[in-house]
Amino acid sequence: MATAQRTGRKLMVGYILRHHPSWQRLIAEARQLGGPFVFRMNLNQQSSGPEWEVHKQLMQSTSPLVDCGVHYVDVMCQIAQSRPVRVHGIGLRLSDEIPADMYNYGQLQVTFEDGSVGWYEAGWGPMVSEVAFFVKDVLSPRGSVSILDADKSGSSDIDGHTKVGGLLVHRPSGDTLISLPQEPDHNALCYAEQAYVLEAILADIDLTSHHTDAVLSLKICIAADVSIRQGRAIDL
């Protein structure tokens, strides 16, 4: 961030869900309900063979909780629009094939200043369950918004991580199902990110708030990692 500001260059963090129209709609629908919010989110991946080899390489330097969590914590922050104040994490090493100081299952809990709370869960490996591996819910006093799982090919399929089968908006007065038939695949979302980088350069878009948001979500996930390693809640 400091280098981008000093040199006048454009820096964008690859938070792919920010360029996904269905996730943008989820954020808008949740904001209409109003807070405080409860966030329930996970992305567990039952990986084996080549996928497990990729995950083991990633865990040489980072946990699934940090690697994947930043994307979904960023969504929480966009909806809550409130300062995070406390983070607690739990984690466990479920394989002898990863470094001794690493864990391949983790969960974080974050509390916001306005009272909103959220949890995020991530696990990698051949031992991971595929039961309820895809949960994306936002609750408020006036109802809830949920992403319906569109992909039935299993948790290891990368396209399934971003696909949205539809949005279910629940209010005490009744439910509304929002159909989202034009789902972009993972490559299309990558193209959308690249197009935005180009637009930011050509139109000289101010990315300061983007930088601030990226650092905030990373700060929360790193605090969860510290919490797991130190066995205590972290005040932000």
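In which handedness of crossing does H4 pass H6? H4 passes H6 in a right-handed crossing, meaning that the near helix is turned clockwise from the far one by less than a right angle.

This is a predicted model, where local features need pLDDT of at least 70, side-chain atom pairs count only at pLDDT 80 or more, and totals for chains, interfaces and linings use all residues. Residues are numbered from 1 along each chain as its sequence is written, and side-chain values use heavy atoms, with hydrogens and water left out.

**The helix pair.** Helix H4 spans residues 64-80 and helix H6 residues 208-230. Helices are DSSP runs (H or I, at least four residues); strands are E runs of at least two. The two pack at about 130 degrees, axes 8 Å apart. Contact (heavy atoms within 4.5 Å) involves, among others, Val 70 and Val 73 of H4 and Leu 216 and Ile 220 of H6. By class, the contact has eleven nonpolar, two polar and three charged residues.

| Residue | Relative accessibility | Class |
|---|---|---|
| Ser 95 | 9% | buried |
| Ile 222 | 42% | partly exposed |

Ser 95 sits in the loop between strand S2 (84-92) and strand S3 (105-112). A polar atom of its side chain lies 3.0 Å from the backbone nitrogen of Glu 97. Beyond four places in sequence, Ser 95 touches Trp 52, Asn 104 and Met 127.

Ile 222 belongs to helix H6. Ile 222 and His 170 are 52 residues apart in sequence and 33 Å apart in space, C-alpha to C-alpha.

Definitions and conventions
Axes fitted to C-alpha atoms, helices over the stretch in contact; angles between N-to-C directions. Nonpolar A, V, L, I, M, F, W, Y, C, P; charged D, E, K, R; others polar. Buried < 20%, exposed > 50% of the residue type's maximum accessible area, 1.4 Å probe, protein only. Polar contact = N/O pair within 3.5 Å; in protein donor to acceptor, adjacent residues only side chain to side chain.
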